[in-house]
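Thanks for coming. I will go through one structure today, starting with a term and then moving from one region to the next. Please look at the sequence and the model as I talk.

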Amino acid sequence: MQPIEQQAMSPALIQKIDNAGIIAVLIIDEVKHAVPVAKALLEGGVDAIELTLRTPAAIDAAKAIKKDVPEMTLGFGTVLTVDQVKAVVDVDADFAVSPGCNPRVLKEAKKLGLSFAPGIMTPTDIEMALEEGCRILKYFPAETSGGMNHLMNMVAPYQYLGLKFIPLGGCNLANASTYLQSDLITAIGGSWVAKRPLIQAGNWETITKNAREIRTLIDQIRTNKK
């Protein structure tokens, strides 16, 4: 395989995600909740989010966060179509991810300069992503696919390329360390930090507590790895 000419995610963003160690996955139903949940996460030490395109409020919620909480690294998830890629770019999102590996979506993201991490679960997925310059990949669904054991075996032929992964799907505080201890993982993703019912109820205190717990765990693991 020839060297990949173009990286589908900017080096600065790669560093931000690696520093974050955790991407909180959010489903926001009302725009009024966007800024408070972002601030609650920041207070707990989580400064990267994936705002899923599963609700009509998602785009306006992102605009509110970009305006009032600019220090938050803001990405979109569940990006399934070319039109959604364009909408995400219009909001000036920092990055986007998808559950699968759609070549049309990848090409559009590349054309518009949107940092993108497609979802992979098989070697074929990985090779499709590599064709568009992707080196940061979303491993989804992580737990039901076989967790780290499956990922390590699947990635072995490609490891010399320096691929990094963001596991999502079944990740939580109890199993986070299994992923974070691996050099294959740049950050984990999860909705448990700010679950939809917590956001709907405005339970910012619990969200901050959850964020602080995972931040502490990440810092401990990284200190021990040095």
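With that, Gln15 lies in helix H1.

Before I go on, a word on where this comes from. The model is predicted, so local features need pLDDT of at least 70 and side-chain atom pairs count only at pLDDT 80 or more, while totals for chains, interfaces and linings use all residues. Residues are numbered from 1 along each chain as its sequence is written, and side-chain values use heavy atoms, with hydrogens and water left out.

Back to Gln15. The cut-offs are under 20% relative accessible area for buried, over 50% for exposed, and partly exposed in between, using a 1.4 Å probe and protein chains only. From Gln15 to Ala48 it is 33 residues in sequence and 12 Å in space, C-alpha to C-alpha.

H1, residues 11–20, also meets another helix. Two packed helices are described by the angle between their axes and the distance between the axes. The axes of H1 and helix H11, residues 204–225, come within 10 Å and cross at roughly 100°. Here an axis is a line fitted to C-alpha atoms, for helices over the stretch in contact, and angles run from 0 to 180 degrees between N-to-C directions. H1 and H11 are therefore roughly perpendicular to each other. On that scale, under 35 degrees counts as roughly parallel, over 145 as roughly antiparallel, 65 to 115 as roughly perpendicular, and the rest as oblique.

Which residues make the contact? On H1 they are Asp18, Asn19 and Ala20, and on H11 they are Arg215, Ile218 and Arg222. Contact means heavy atoms within 4.5 Å. These residues divide into two nonpolar, one polar and three charged. The classes are: Ala, Val, Leu, Ile, Met, Phe, Trp, Tyr, Cys and Pro as nonpolar, Asp, Glu, Lys and Arg as charged, and the others, Gly among them, as polar.

Now the sheets. Six strands form an open sheet in the order E5-E4-E3-E2-E1-E9, with parallel pairing. Two strands pair if DSSP finds at least two bridges between them. The edges are strand E5 (116–117) and E9, each of which pairs on one side only.

Take strand E1, residues 22–26. Five of its five residues are buried. Ile22, Ala24 and Leu26 are on one side, with Ile23 and Val25 on the other. E1 pairs in parallel with strand E9, residues 188–190, over three bridges, and Ile22 has Ile188 as its bridge partner there. Three bridges also join E1 to E2 in parallel. In E2, Ala24 stands opposite Ile49 and Leu26 opposite Leu51. E1, helix H2 (residues 34–43) and E2 make a right-handed β-α-β unit. Right-handed means that, with the strands pointing away from the viewer, the path from the first strand over the helix to the second runs clockwise.

Next is strand E3, residues 73–77, where again five of five residues are buried. Thr73, Gly75 and Gly77 point one way, and Leu74 and Phe76 the other. Strand E2, residues 48–52, runs parallel to E3 and is joined to it by five bridges, with Ile49 opposite Leu74. E2, helix H3 (residues 58–68) and E3 form a right-handed β-α-β unit. On its other pairing, E3 meets strand E4, residues 95–97, in the parallel sense over two bridges, and Gly75 has Phe95 as its bridge partner. The chain goes from E3 through helix H4 (residues 82–90) to E4, in a right-handed crossover.

There is also an open sheet of three strands, in the order E6-E7-E8, with parallel pairing. Strand E6 (119–120) and strand E8 (164–167) are the edge strands. Strand E7, residues 136–139, pairs with E8 over four bridges, and Lys138 has Ile166 as its partner. Helix H8 (residues 147–155) packs on this sheet, touching E6, E7 and E8, and its direction makes about 140° with that of E7.

Last, Glu132. Where is Glu132 found? In the loop between helix H6 (123–131) and E7. Glu132 is buried, with a relative accessible area of 9%. Glu132 and Phe116 are 16 residues apart in sequence and 9.9 Å apart in space, C-alpha to C-alpha.
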